[in-house]
Amino acid sequence: EKYLLQTFSKEVLAGEHQGKLTLSRGKHSKESAGGEDEIIFNEEDVNLDDGAIGVFIQCLEDEFWEVRSASVDSICELGLQNDSFARRAVDFLVDMFNDEIDGVRINAINSLKKMENKAQLNENQLHIVLSALEDGNPAVRIAVHRLFSVTKLLNAKCLHATIQAILTNAIHRYPKDIDSAYQCLKFLGRNHPAFSESLINSLLHLDPRFLPIEPHSE
């Protein structure tokens, strides 16, 4: 695991000597979709040494978009196998939401969606993800809606900010997104019942002074 984390660092972990770690590449399956070999990561066959330090940082900054996109794929696959790596990877995947190539941005969004149960967005990361709702490419915006449909947010404040951003962009900027936005909001409410209940008054602009008083049952 420590060697995996080094792929996001430019410094060797303290106390480590030069050497190799056999990590994974594992078995190939001919039964995967499209007839292509499926790589199953385990704990064997791929050697990691000091040359792996910072490798993903370099690849994510590569001048060729194909390299950046392939790096996102690799990070996603490794993140699905290792929780610590997934938590570390979120920052880097979120940064790729700002890539100049639409395909790379969409790949980063979809990869983060696949890792839904492995990591959680903090408030700073959430702010970057929400900015992707302003993207000029509708495919990017729809991908963000699908991401939020499975994302568990930290608190009610994050949920409120997300709902407001989705509605603002769908209603005022991209009306064609409204169906996707409402579908996303449905899942957000379903995935955060306690937070949603606490936001009812503010979201519906209800003033408690004008709410009907329930009659006493006795």
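Of the 218 residues in this protein, 38% are buried, where buried means under 20% relative accessible area, exposed over 50%, and partly exposed in between (1.4 Å probe, protein chains only). What you're looking at is a predicted model, with local features needing pLDDT of at least 70, side-chain atom pairs counting only at pLDDT 80 or more, and totals for chains, interfaces and linings using all residues. Residues are numbered from 1 along each chain as its sequence is written, and side-chain values use heavy atoms, with hydrogens and water left out.

Take the contacts (heavy atoms within 4.5 Å) with a separation of 6 or more: 61% of them join residues 24 or more positions apart.

Let's start with helix H6, residues 123-131. Its buried residues are Gln 125, Leu 126, Val 129 and Leu 130. Looking down the axis of H6, these buried residues fall within an arc of 140°, so they line one face of the helix; the arc is that of the directions from the helix axis to the C-beta atoms. Over on the other side of H6, Asn 124 and His 127 are exposed. The cover for the buried residues of H6 includes helix H4 (83-95), helix H7 (138-148) and helix H8 (156-173).

The N-terminal end of H6 is capped by Asn 122, with a side-chain oxygen 3.1 Å from the backbone nitrogen of Asn 124. That's a polar contact: a pair of N or O atoms within 3.5 Å, where, within protein, one must be able to donate a hydrogen and the other to accept it, and residues adjacent in sequence count only if both atoms are side-chain atoms. Glu 123 is also in H6. Setting aside neighbours within four places in sequence, Glu 123 is in contact with Leu 154, Asn 155, Lys 157 and Cys 158. Glu 123 and Lys 157 sit 34 residues apart in sequence, with 9.3 Å between their C-alpha atoms.

Next up is helix H5 (residues 102-114), which packs with H7 at an angle of about 10°, the axes being 9 Å apart. Axes here are lines fitted to C-alpha atoms, for helices over the stretch in contact, and angles run from 0 to 180 degrees between N-to-C directions. That makes H5 roughly parallel to H7, as angles under 35 degrees count as roughly parallel, over 145 as roughly antiparallel, 65 to 115 as roughly perpendicular and the rest as oblique. Residues from H5 in this packing include Ile 106 and Ile 109, and those from H7 include Val 140 and Val 144.

Leaving out neighbours within four places in sequence, Asn 107 is in contact with Ser 69, Val 72 and Asp 73, while Ser 111 touches Val 72, Asp 73 and Cys 76, not counting residues up to four places away.

Here's how some individual residues come out:

| Residue | Relative accessible area | Class |
|---|---|---|
| Ser 111 | 1% | buried |
| Cys 76 | 1% | buried |
| Asn 107 | 14% | buried |
| Cys 59 | 23% | partly exposed |
| Ser 202 | 35% | partly exposed |
| Glu 123 | 39% | partly exposed |

As for disulfides (a pair of cysteine sulfur atoms within 2.5 Å), the count is 0. Finally, Ser 202 belongs to helix H11, residues 200-204.

Note on methods
Helices (H or I, at least four residues) and strands (E, at least two) are DSSP runs, numbered from the N terminus.
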